[in-house]
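The sequence and the structure are shown first.

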Amino acid sequence: MSRRVITKILTTIIAIFAIILTFIITDPVHAGALVVTFIDVGQGDTALLQCDGRAMLIDAGPNAAAKTVVAFLTEKGVAAFDYVVGTHPHEDHIGGLDAVINYAGSIGEVWMPYTQTHTRTFEDVLDAVESRKLTVTQPPVGKTYPLGDSTITILGPIGQNYAELNNYSIVLRVDHGGNSFIFTGDAENLSEDEMLRAGSPLNGDVLKVGHHGSSTATSDAFLIKVDPTYAVISCGKGNQYGHPDAETVNKLEVARVTILRTDLDGSVVITSDKGKLSVAQDTKR
Ligand SMILES: [Zn+2]
Ligand SMILES: [Zn+2]
């Protein structure tokens with residue numbers, strides 16, 4: 001082999017290694033980052049959390065978005081979940097959950113609040129859970145769980161009986177280095193007040209705004225306590241509920257919170273490298 005050929009082969013090998021190394025370094029999922037994607041599911045909620053090769057899904061959008069959510073997970077190569085959460089049994093949160101449970105390669109725990117509705121959607125989720133030989137549990141308030149290098153802490157619901165299904169929403173915080181995310185589901189003012197009175201650790205850099213920005217959530221006291229830098233509102237373009245409420249948007253603007261909306265921005269990706277947070281949009285969806 002001539003020296004020229006050897007040099008060419010060596011150069012090629014080095015180039016390939018450089019590409020692989022660049023991929024490993026810049027791929028946040030590999031770099032110990034926490035990547036949170038608020039998938040645009042129209043009117044509904046879905047958040048995918050990825051940290052150190054671990055994954056968690058909080059809600060799965062409405063029935064109409066089941067294909068979108070599964071396609072997104074497939075594209076990201078995410079099939080194993082430590083936790084799959086249905087914050088509360090409303091269709092815009094658990095509609096796609098049966099499809100995700102059936103699609104998943106493995107699921108550690110399925111979390112839902114101990115409450116029921118008599119809808120086909122809810123039955124479909126329970127059937128999927130049963131067919132995968134899983135059980136549904138409600139994680140107790142105050143308990144912490146690992147997600148790679150992140151820590152999940154359960155904040156709500158504090159009560160056991162509510163007139164409004166939204167208040168059964170599982171509320172949790174996720175800490176990653178110095179960054180924290182608060183996920184509220186559709187928890188309304190009543191649940192917010194209970195967490196405030198309990199002295200729950202509500203401070204967060206990112207707030208998934210409760211109930212799609214409806215006026216029934218995000219009380220002044222709650223917003224002051226969370227004091228977020230970013231507020232994510234997950235809702236459908238021109239939705240029939242008028243979400244988000246103009247008053248809520250105004251409240252966030254006055255508090256100088258950066259608002260990210262799935263109806264306007266598409267899927268929103270927030271990455272924590274433990275120190276800083278970076279935001280990206282994924283308008284493809
Ligand atoms: Zn909802
Ligand atoms: Zn709801």
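## Basis of the description

Helices and strands are DSSP runs numbered from the N terminus, a helix (H or I) having at least four residues and a strand (E) at least two. The model under discussion is predicted.

## Overall composition

The secondary structure comes to 9 helices and 15 strands. Of the 285 residues in the protein, 46% are buried. Among contacts between residues at least 6 apart in sequence, 64% join residues at least 24 apart.

An open sheet is formed by 8 strands in the order 6-5-4-3-2-1-14-15, with mixed pairing. Its edges are strand 6 (136-137) and strand 15 (277-282); each has a single partner strand, so one side of each is left without a neighbour in the sheet.

Within this sheet order, strand 1 (residues 34-38) is joined to strand 14 (residues 267-272) by 5 bridges, and the two run antiparallel. Val 36 stands opposite Ile 270 in strand 14. In general, strands of a sheet pair through backbone hydrogen bonds, in either a parallel or an antiparallel sense.

Another open sheet contains 7 strands in the order 7-8-9-10-11-12-13, and its pairing is mixed. Strand 7 (144-147) and strand 13 (258-261) are the edge strands, each pairing on one side only. From one strand to the next, the twist averages 20°.

Strand 13 pairs with strand 12 (residues 230-233) in the parallel sense over 4 bridges. Here Ala 231 stands opposite Ile 259 of strand 13.

## Ile 152 in strand 8

Ile 152 belongs to strand 8. Is Ile 152 buried or exposed? Ile 152 has 24 other C-beta atoms within 10 Å, and because 20 or more are required for burial, Ile 152 is buried.

Leaving aside neighbours within four places in sequence, the contacts of Ile 152 are Thr 144, Tyr 145, Leu 147, Leu 172 and Val 174. Asp 175 is 23 residues from Ile 152 in sequence, while their C-alpha atoms are 6.5 Å apart in space.

Helix 6 (residues 189-197) lies across strand 8 (150-156) and strand 9 (171-176), and it runs at about 110° to strand 8. Ser 191, Glu 192, Glu 194 and Met 195 are buried in helix 6. Viewed down the axis of helix 6, its buried residues fall within an arc of 160°, so they line one face of the helix.

The buried residues of helix 6 pack against strand 8, strand 9 and helix 7 (220-226). Just after helix 6, Gly 199 has a positive phi of about 70°.

## Helix 2 and helix 4

In helix 2 (residues 66-76), the buried residues are Ala 66, Thr 68, Val 69, Phe 72 and Leu 73. The buried residues of helix 2 pack against helix 4 (97-103).

## Backbone exceptions in the loops

Most residues other than glycine have a negative phi, and most peptide bonds are trans. Which peptide bond is cis with omega near -5°? The bond from His 243 to Pro 244 has this geometry; Pro 244 is found in the loop between strand 12 and helix 8 (246-254). A cis peptide bond also joins Gly 156 and Pro 157, with omega of about 5°. Pro 157 is placed in the loop between strand 8 and strand 9.

The loop between strand 11 (206-208) and helix 7 contains His 211, and Thr 218 lies in the loop between strand 11 and helix 7 as well. His 211 is not a glycine, yet its phi is positive, at about 50°. Thr 218, also a residue other than glycine, has a positive phi near 60°. His 211 is buried, with 28 other C-beta atoms within 10 Å. Thr 218 counts as buried because it has 29 C-beta neighbours inside 10 Å.

Notes
Residues are numbered from 1 along each chain as its sequence is written. Chains are lettered from A and ligands numbered from 1 in the order in which they are written. This is a predicted model: local features need pLDDT of at least 70, side-chain atom pairs count only at pLDDT 80 or more; totals for chains, interfaces and linings use all residues. Two strands pair if DSSP finds at least two bridges between them. Axes are lines fitted to C-alpha atoms, for helices over the stretch in contact, and angles run from 0 to 180 degrees between N-to-C directions. Two residues are in contact if their C-beta atoms, placed from the backbone, lie within 7 Å. A residue is buried if 20 or more other C-beta atoms lie within 10 Å of its own, exposed if 12 or fewer, and partly exposed in between; C-beta atoms are placed from the backbone. The arc is that of the directions from the helix axis to the C-beta atoms.
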